[in-house]
Every structure is written in structure tokens, then in C-alpha cells.
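I opened the notebook to look at one protein model, going from bonds and charges to rings and strands. My entries follow the order in which I looked things up.

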Amino acid sequence: MFDPDWTKIATAPLPDNCGWRGQYRVRYSEIGQNGLATLPALADYMQDAAGWGAKRLALAYDDTVDRGVAWVLARMAIIVRHYPANGETITLETWPSGFAHRMASRDFRLIDDSGTVCAVAQNFWSLFDLQARRAVHWPDWLIARLPDPPGPKLIDLAPRTPPPPANMTVADHITARASDLDVYGHVNNVRLMQWVLAASGPNRTADFQPASLDIQFRAECRLRDKVEIRQADGYATISRRDLSDGKTGDTDLVRAQFTHQP
């Protein structure tokens with residue numbers, strides 16, 4: 001799926017005007033049976049770092065919610081060189097890396113105790129109207145706060161991912177619970193990632209640690225939504241059965257592609 005230039009990733013400068021750096025310690029509750037951090041744990045670190053990075057630009061949750069809008073994650077692509085171990089301290093660097101088509105991209109570089117980049121990621125965020133529950137155009141006050149220029153892109157992604165294959169099979173059924181919801185009232189993206197990984201690994205275990213994951217969050221999953229997880233080799237979807245105009249159809253809430261560790 002990806003062939004990253006790790007030298008380019010390691011040597012790209014942290015932007016002075018919009019970069020943020022922090023540290024995260026891998027906890028016992030965040031590791032799999034092999035003693036290494038799970039992918040959702042790394043995604044949690046990045047979600048937290050994105051908030052702090054946005055806070056530096058006065059564009060975090062506390063800066064936008066009173067205006068009725070918030071950033072929501074539309075896509076995350078992450079490549080893992082190696083998973084950090086229990087107790088290891090990860091230095092995470094992040095910055096906005098571009099703005100186009102009502103999407104803001106943010107890049108992440110995760111560095112282990114030895115100073116080696118262990119993972120890289122690129123996320124895409126859209127602005128979400130909390131009342132209308134849909135993506136909206138960026139207002140002038142927000143555009144004025146965007147960094148100019150943004151930081152460098154660490155990886156190059158195709159703008160579109162291929163559609164789901166025809167041979168997907170049902171792997172699980174889940175009903176969204178109150179404990180799955182985040183501050184925006186929908187199932188958090190990291191929880192959706194956990195659902196995908198638990199249905200997609202070789203033994204369908206919750207600690208599946210792929211080499212890469214490109215996951216799109218296409219629509220909200222709300223409280224008590226009943227969803228079906230389907231998977232084929234290297235692809236998974238989370239779908240909701242909807243009734244519209246007297247016809248029943250599926251809405252893909254999540255689409256994900258992944259590669260296994262070599």
C-alpha cells in the first residue's frame with residue numbers, strides 16, 4: 001500500500017510556525033499479547049496531539065465549539081515501521097500539512113526511545129456543523145488562523161482509495177453503546193478502528209497490529225446504531241442498514257485497507 005521514504009520522514013524539519021511536540025508513555029493497558037503497543041493506542045496519541053497542535057493555532061475544540069463547529073476526522077493513513085514496547089516513551093511531532101477542498105491535512109511522526117522514527121501518519125479533517133450534523137464550508141475567522149505556509153507532507157497518498165471488493169464476508173455485528181461515544185455524540189474514530197481491527201486480523205483478535213492502515217470515516221455511527229462489519233483480505237467495512245423511500249440499503253460508515261506485518 002505504501003513505500004515511505006524513511007530518511008525524508010526523519011529529516012523533515014518541525015515547522016516553527018505550526019509544529020507541536022509531546023511525549024507519550026506506552027502503558028500496560030495499551031499493549032497486545034506480544035507486549036507491543038496496539039495501533040489504536042498510537043491513534044489515541046495522535047488524536048490527543050492533534051488537539052494540542054490545533055490549540056496552538058486557536059483552532060481546537062474549545063476554540064470552535066461555541067461557534068457551533070468542530071473538526072472531525074475523515075481519513076487516517078498510518079504506516080508502522082515497528083511497534084513500541086510497554087513502558088517505552090514515544091516522542092510525537094505533528095503539524096498541519098495542507099488545506100484543500102474543505103479538508104485540512106495533518107502529518108505525524110512518532111519517534112522511539114532510540115531516536116528512530118517508528119511510525120508516520122497523515123490525517124484529513126473536515127469542519128463539522130454540530131447542529132446540522134454535516135460538513136460545512138470554512139468561515140473567514142477560521143481561514144485567518146490557518147498557518148501560512150503549512151508544514152511538509154511526510155507521505156504522498158492517493159486522493160481516492162479503491163471501492164470495497166465484491167467478495168467481502170460478514171465478520172461481526174455490533175450495536176453502538178453509550179460507552180462508545182465521544183464528546184460529539186458519535187462513536188469515536190479510535191473505537192471504530194478497534195472494531196475494524198478486531199474483525200480483520202488473522203485470528204480476529206483485538207490486538208491485530210498491521211503494517212499499515214488507511215481508514216476512511218464516511219458517516220457518523222450514533223447511539224444504538226446496528227452495524228455489520230465485513231472483511232476480505234486487506235479490506236474491511238463498517239456498514240449500517242438504512243431504510244429510504246421504502247427501500248433497504250447499506251451505508252458504509254467506514255472503509256479501511258490494511259497490510260500485514262512482513
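**Entry 1: ground rules.** I am working with a predicted model, in which local features need pLDDT of at least 70, side-chain atom pairs count only at pLDDT 80 or more, and totals for chains, interfaces and linings use all residues. Residues are numbered from 1 along each chain as its sequence is written, and side-chain values use heavy atoms, with hydrogens and water left out.

**Entry 2: cysteines.** I looked for disulfides and found zero in the structure. The test asks for a pair of cysteine sulfur atoms within 2.5 Å. My course notes say that a disulfide is a covalent bond between the sulfur atoms of two cysteines. Cys18 has a relative accessible area of 0% and is buried. Cys118 is also listed at 0%, which makes it buried.

**Entry 3: salt bridges.** How many salt bridges does the structure hold? I noted 15. Each is a side-chain nitrogen of Lys or Arg within 4 Å of a carboxyl oxygen of Asp or Glu.

I started with Arg133 and Glu220, whose side chains meet in a salt bridge at 2.4 Å, N to O. This pair links distant parts of the chain, 87 residues apart: Arg133 is in the loop between β5 (117-129) and β6 (134-135), and Glu220 is in the loop between β8 (212-217) and β9 (226-232). For the element names I rely on DSSP runs, numbered from the N terminus: helices are H or I with at least four residues, and strands are E with at least two. Arg133 is partly exposed at 24% relative accessibility, whereas Glu220 counts as buried at 18%.

Next I took Asp250 and Arg230, which form a salt bridge at 2.6 Å, N to O. Asp250 lies in strand β11 (residues 247-259) and Arg230 in strand β9, so the pair ties together parts that are 20 residues apart in sequence. Is Asp250 buried or partly exposed? Asp250 is partly exposed, with a relative accessible area of 37%. Arg230 is buried, with 16%.

Arg255 has a relative accessible area of 18% and is buried. Asp252 is buried at 18% relative accessibility. I also noted a network, in which salt bridges with shared partners join Glu228, Arg230, Arg241 and Asp250.

**Entry 4: aromatic rings.** I counted five aromatic pairs in the structure. Rings of Phe, Tyr and Trp (its six-membered ring) pair if their centres lie within 6.5 Å; planes under 30 degrees apart count as stacked, over 60 as edge-to-face, and the rest as tilted.

Tyr24 and Tyr45 are stacked, at 5.1 Å centre to centre with 15° between the planes. Tyr24 is in strand β1 (residues 20-25) and Tyr45 in helix α2 (residues 39-56), so I recorded a link between distant parts of the chain, 21 residues apart. Both Tyr24 and Tyr45 are buried.

Why is the pair of Trp71 and Trp138 edge-to-face? The ring centres are 5.7 Å apart and the planes are at 80°, which means that Trp71 and Trp138 are edge-to-face. Here the link spans 67 residues, from Trp71 in strand β2 (residues 69-80) to Trp138 in the loop between β6 and α4 (140-143). Trp71 is buried at 13% relative accessible area, and Trp138 is buried at 15%. Ring pairs link Trp71, Phe99 and Trp138 into a cluster.

**Entry 5: around Trp141.** The charged end of Arg67 sits over the ring of Trp141, 4.1 Å from its centre. The rule is that NZ of Lys or CZ of Arg is within 6 Å of the ring centre and within 35 degrees of the ring normal. Thr64, in helix α3 (residues 61-64), is buried at 0% relative accessibility. Leaving out residues up to four places away in sequence, Thr64 touches Leu59, Val69, Ala70 and Trp141; contact means heavy atoms within 4.5 Å.

**Entry 6: strand β8.** Six of the six residues of β8 are buried, so this strand is largely enclosed by the rest of the structure. In a regular strand the side chains alternate between the two faces of the sheet. In β8, Ser212, Asp214 and Gln216 point one way, while Leu213, Ile215 and Phe217 point the other way. Strands β2 and β8 run antiparallel and are joined by five bridges; strands pair if DSSP finds at least two bridges between them.

Conventions. Buried < 20%, exposed > 50% of the residue type's maximum accessible area, 1.4 Å probe, protein only.
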